[in-house]
Amino acid sequence: MAYKIMRLAKYYDALRTNNPFFKTSNKQKGKILLNIARFFMDKGKIVVRNKPVVAQIEPNSTCNLKCEMCIRERIGVPIGTMSLEDFKKILEKLDCLFKIHLSGQGEPFLNKDFFRMVEHANKRGILVNTNTNATLLDEKTIENICNVSIGEIGISMESPKKEMYEKIRKGAKFEKVIGNIKNLTRKIKERNKKTIISLAVTILKENVEDIPKFVRLAENVGIKKIVFQTMQNKEDYVSKYSENTKKHGVVDLAEKIREKIQEAKKMIGESGITIIYDEGKSSTGCVWPWRSTYISWNGNVTACCKILDYKNPVFGNMLKEDLWKVWNGEQYQKFRKLLRERKAPVPCRGCGMV
């Protein structure tokens, strides 16, 4: 029940921040709503009539930090940046998206066309969310954020303590990031923007005890939402982790984490902060191959953001191939069949959504 409530909270946030959808033409609204209806009608089928309802599109795989738990370099992620022209080509094919998560293996604000991408998506009635490490939130970037429509910006932060934060997020400066976040939340409030600013916290062995302290940190910087998640425990991730990365794992601390999450919720009081923690086995199974798709900066398509191997399986390339050839192709059909039967395809083994 708690899992379903948290999912509903996410859907509510998507609806209340989606200004582009409500401002787009009735024709475009109709296309988007028809596509959503087809998703619900065809969910569970091997070959579907709906196009992706949601897409995670990677604007770039470049990053300015070297974080302790990041395994980009260990899995051979191709390094590059999506052009605005390629982004537009993808949206021509995915012409009835409801939402885009514009982020991937890198820091999105390193893409010089990021805000043009958001503007282009906005004009098509699409809600855009993103994640950032907040190191690049200077005055110009914050002004650009306020000049477009972004539903939610998740700020990745693993410690409320300077020393531990800088040890985990190598290359970032704690005081500067805190100042950047305060400036962002202040400007969002002054401009009366609906953009949600949230803390995106990866739970590590080092910060389990500090989970409740993120409530005070959020209050201090003007944030009203905290999203907690654990390190990825899929088999292919774990096999790629270095010995040092494995030391951060919390697979044996599930009960302790739940206790600390409850402690954090009791601290909320009148601050109005929302805490999201929806880890655990899904009761309904994964819907990604029916609803969503992940597209890397070079156009390669995988089932979701948690699929590590960029070479196999790649379901096709959205810049080079027909949408339906990819979306109803052999790989997607294979994934849908296995997931419908609650069986894990090899790249999904260990994922709680299966």
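## Thr132 and its neighbours

Not counting residues up to four places away in sequence, Thr132 touches Glu107, Phe109, Ile153, Gly154, Ile155 and Ser156 (contact means heavy atoms within 4.5 Å). This is a predicted model, in which local features need pLDDT of at least 70, side-chain atom pairs count only at pLDDT 80 or more, and totals for chains, interfaces and linings use all residues. Residues are numbered from 1 along each chain as its sequence is written, and side-chain values use heavy atoms, leaving out hydrogens and water.

Thr132 lies in strand β4, residues 127–132 (strands are DSSP runs of E, at least two residues, and helices runs of H or I, at least four, numbered from the N terminus). With a relative accessible area of 2%, Thr132 is buried (buried means under 20%, exposed over 50%, partly exposed in between, with a 1.4 Å probe and protein chains only). Its side chain reaches the backbone nitrogen of Ala134 at 3.0 Å.

Helix α4 spans residues 84–93, and its buried residues are Leu84, Phe87, Ile90 and Leu91. Seen down the axis of α4, these fall within an arc of 120°, so they line one face of the helix (the arc is that of the directions from the helix axis to the C-beta atoms). They pack against β1, β3, α5 and β10. The face turned away carries the exposed residues Glu85 and Glu92.

## Strands side by side

Strands β7 (196–203) and β8 (225–230) run parallel, joined by six bridges (strands pair if DSSP finds at least two bridges between them). Here Ile203 stands opposite Thr230 in β8. β8 also pairs with β9 in the parallel sense, over three bridges.

Technical notes. A polar contact is a pair of N or O atoms within 3.5 Å; within protein, one must be able to donate a hydrogen and the other to accept it, and residues adjacent in sequence count only if both atoms are side-chain atoms.
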